[in-house]
Amino acid sequence: MCIGTPNILTDEQMAEVMERFRSYGQPGSGKSTIAALLAERLHRPLLDSDAQVVETAGRPIPDIFAADGEDAFRTLETATLAELGKRSGAILATGGGSVCRAENYPLLHQNGTIFWLRRDLALLPKDGRPISQRSDLAELYAQREPLYARFADAVIDNNGTPEQTVQQILEVLA
C-alpha cells in the first residue's frame, strides 16, 4: 500500500501503525483532522476523547468549563481516556490538555505510540476553545511544552498539509 510519497507498507505493517497511534498537541493543532484522515485511509475506527466527553456529559466542552470548571472537565477527560485507551486497532485523538494530568500517560500509552503534533502558534485557532480563549497561547505553550515532551514517543511537524503530517506518522512507525 502506498500513501502519499513512496513509502510502501504491507497490510500487516499498516495494522501495526493503526494499533499504535495516539495523538495530542496544542488546542487547534490538527489532532482531530489528522486522526480522521489516517482513520479514513486505513479503514480503522476513530476515537476522539473530546467528542466522547461531550457525548458522556451531554453538553459542549465550553459549557462544562463555564458551569463546572476545568478540574471537572479534566476528571471527565481522564475517565474517558481510561476507557478509550484500552482499545486497540483504533486511532485516538485527544484534547490539548490531556497532558495536564500525569495519570493520563499510562492510559494513552497502554496500547499505542503517542505522537505530539507540533504546530506554529500563529496557526492555532481560538474559537470554541475555552482555555485558548482565556489564555495567552505563548504562555499556555510554555507551560505545556515540557508535558508534551514528556508524553511524546515522537514529535511530528504539523505545519504542512494534513497529508504530509500523516506521511510523517507512517514513516515513524514503518
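Is Arg-144 buried or exposed in this predicted model? Arg-144 is buried, with a relative accessible area of 4%. Here, buried means under 20% relative accessible area, exposed means over 50%, and partly exposed covers the values in between (1.4 Å probe, protein chains only). Residues are numbered from 1 along each chain as its sequence is written, and side-chain values use heavy atoms, with hydrogens and water left out. The model is predicted: local features need pLDDT of at least 70, side-chain atom pairs count only at pLDDT 80 or more, and totals for chains, interfaces and linings use all residues.

The overall layout comes next. The protein chain has nine helices and five strands. Helices (H or I, at least four residues) and strands (E, at least two) are DSSP runs, numbered from the N terminus. From that terminus on, the elements run α-β-α-β-α-α-α-β-α-β-α-α-β-α. Buried residues make up 46% of the 174 residues in the protein chain. Contact means heavy atoms within 4.5 Å. Among contacts between residues at least 6 apart in sequence, 76% join residues at least 24 apart.

Arg-144 lies in helix H8 (residues 137-151). The side chain of Arg-144 reaches the backbone oxygen of Gly-96 at 3.3 Å. Arg-144 and Val-99 are 45 residues apart along the chain, and their C-alpha atoms are separated by 7.6 Å.

Ser-98 is found in the loop between strand E3 (91-93) and helix H6 (104-109). Ser-98 is buried, with a relative accessible area of 0%. A polar contact of 3.2 Å joins its side chain to that of Thr-94. A polar contact is a pair of N or O atoms within 3.5 Å; within protein, one must be able to donate a hydrogen and the other to accept it, and residues adjacent in sequence count only if both atoms are side-chain atoms.

Glu-77 is found in helix H5 (residues 70-84). Glu-77 is buried, with a relative accessible area of 1%.

Helix H3 spans residues 49-57, and Asp-48 caps its N-terminal end. A side-chain oxygen of Asp-48 lies 3.0 Å from the backbone nitrogen of Asp-50. Just after H3, Gly-58 takes a positive phi of about 75°.

Helix packing can now be described. Two packed helices are described by the angle between their axes and the distance between the axes. Axes are lines fitted to C-alpha atoms, for helices over the stretch in contact, and angles run from 0 to 180 degrees between N-to-C directions. H3 and H5 pack at an angle of about 110°, with their axes 9 Å apart. H3 is therefore roughly perpendicular to H5. Angles under 35 degrees count as roughly parallel, over 145 as roughly antiparallel, 65 to 115 as roughly perpendicular and the rest as oblique. Ala, Val, Leu, Ile, Met, Phe, Trp, Tyr, Cys and Pro count as nonpolar, Asp, Glu, Lys and Arg as charged, and the others, Gly among them, as polar.

H5 also packs with helix H4 (residues 61-68). Their angle is about 130°, with the axes 7 Å apart. H4 is therefore oblique to H5. Ile-61, Ile-64, Phe-65 and Asp-68 of H4 meet Glu-70, Ala-72, Phe-73, Arg-74 and Leu-76 of H5. The residues of this contact divide into six nonpolar, no polar and three charged.

Helix H2 (residues 31-42) and helix H9 (residues 162-173) form another packed pair, at an angle of about 70° and with their axes 10 Å apart. H2 is therefore roughly perpendicular to H9. The contact is made by Thr-33, Ile-34, Leu-37, Leu-38, Arg-41 and Leu-42 of H2 and Pro-162, Glu-163, Thr-165, Val-166, Ile-169 and Leu-170 of H9. Its residues divide into eight nonpolar, two polar and two charged.

Neighbours within four places in sequence aside, Thr-165 is in contact with Ile-34, Leu-117, Ile-156, Asp-157 and Asn-158. Thr-165 and Leu-117 are 48 residues apart in sequence and 8.4 Å apart in space, C-alpha to C-alpha.
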